[in-house]
Amino acid sequence: MDLYFSYLSTYSQKVLIALYEKDVSFTPHLVDLSDPAAKEEYTKLYPFGKLPLLVRDDSRMIPESSIIVEFIDTHFEQEPILIPRDPELGRRARFMDRMCDLYLNDPVVSLIFESWKPENEQNRELISKSSERIGTMYRFMDDQLGSSQYLGGDTFSIADCSAIPVLFYANSFAPFGGFDNIFRYWEEVSMRPSFVRLKQEAEPYIQAVMGDR
Ligand SMILES: N[C@@H](CCC(=O)N[C@@H](CS)C(=O)NCC(=O)O)C(=O)O
């Protein structure tokens, strides 16, 4: 199995956490989408040009981070089970994965991109809307985490694979320290070996673009 990814991409990081959690081996292909030649080359393989992408040994492509995690989880049956087989528990885990992608990841990425622009070129409306959405999502997550150990329920799941990379970035732009349940959750999940490994591997790449932020 080949994984095309970037250490800077939170969607790629979601998949890496799933692979490390389940201890599944793969051939890594780092793609630097900021390099026009690398981007052009990658787009020949996957015309949408989005990372991550999993290519199976039979050459079939599996794009989209949540679908990749689902594939890994169903083809490699070892623990942890990332999408609970019980339909109701599975639905909650998938739901929280979607919420993290749509209402946390996307606004956090907007804040990051805006922060790289000179102040007079920043889109104030986008910053304000993104911050508002992140606040709403923090309240929602804090509420969920008030009644379960993990985001998608009482076991580690796809929802946590999704949330961990985003919370890592989000905390610099919209600190969640005031949300007790998120804070308690972060203290625990950020110590998981899968994330510790990912952070170590990703650090030089993150440092190069984010500096000390
Ligand atoms: N829905 C996709 C989103 C993937 C995505 O947006 N990836 C970003 C990196 S985090 C990307 O490839 N951006 C490059 C581009 O849009 O040109 C998924 O879950 O995999």
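This is a predicted model: local features need pLDDT of at least 70, side-chain atom pairs count only at pLDDT 80 or more; totals for chains, interfaces and linings use all residues.
**View 1. Tyr42 and the residues around it.** Residues are numbered from 1 along each chain as its sequence is written, and side-chain values use heavy atoms, with hydrogens and water left out. Tyr42 sits in helix H2 (residues 36-45); helices (H or I, at least four residues) and strands (E, at least two) are DSSP runs, numbered from the N terminus. Tyr42 counts as buried because its relative accessibility is 4%, the cut-offs being under 20% relative accessible area for buried, over 50% for exposed and partly exposed in between (1.4 Å probe, protein chains only).

**View 2. The sheet, strand by strand.** Here 4 strands make an open sheet, ordered E2-E1-E3-E4, with mixed pairing. At the edges are E2 and strand E4 (61-63), each pairing on one side only. Strands count as paired if DSSP finds at least two bridges between them. Strand E1 (residues 2-5) runs parallel to strand E2 (residues 27-30) over 4 bridges. To get from E1 to E2 the chain goes through helix H1 (residues 10-22), a right-handed β-α-β crossover: with the strands pointing away from the viewer, the path from the first strand over the helix to the second runs clockwise. Look for Phe5, whose bridge partner in E2 is Leu30. E1 also pairs with strand E3 (residues 53-55), this time antiparallel, over 3 bridges. In E3, Leu54 is the bridge partner of Leu3, and Leu53 stands opposite Tyr4.

**View 3. Two cis prolines in loops.** Most residues other than glycine have a negative phi, and most peptide bonds are trans. The Leu51 to Pro52 peptide bond is cis, with omega near 5°, and Pro52 belongs to the loop between H2 and E3. Another cis bond joins Glu79 and Pro80, with omega about -5°; Pro80 is in the loop between H3 and H4.

**View 4. Positive phi at Ser59 and Glu64.** Neither residue here is a glycine: Ser59 has phi near 75°, and Glu64 has a positive phi of about 75°. Ser59 is in the loop between E3 and E4, and it counts as exposed because its relative accessible area is 55%. Glu64 is found in the loop between E4 and H3.

View 5. In H3, the buried residues are Ser65, Ser66, Ile68, Val69, Phe71, Ile72 and Asp73; they pack against H1, E3, E4, H4 and H6.

**View 6. Gln122 in its loop.** Gln122 is found between helix H4 (87-115) and helix H5 (124-145). Its relative accessibility is 17%, so Gln122 counts as buried.

Methods: Contact means heavy atoms within 4.5 Å.
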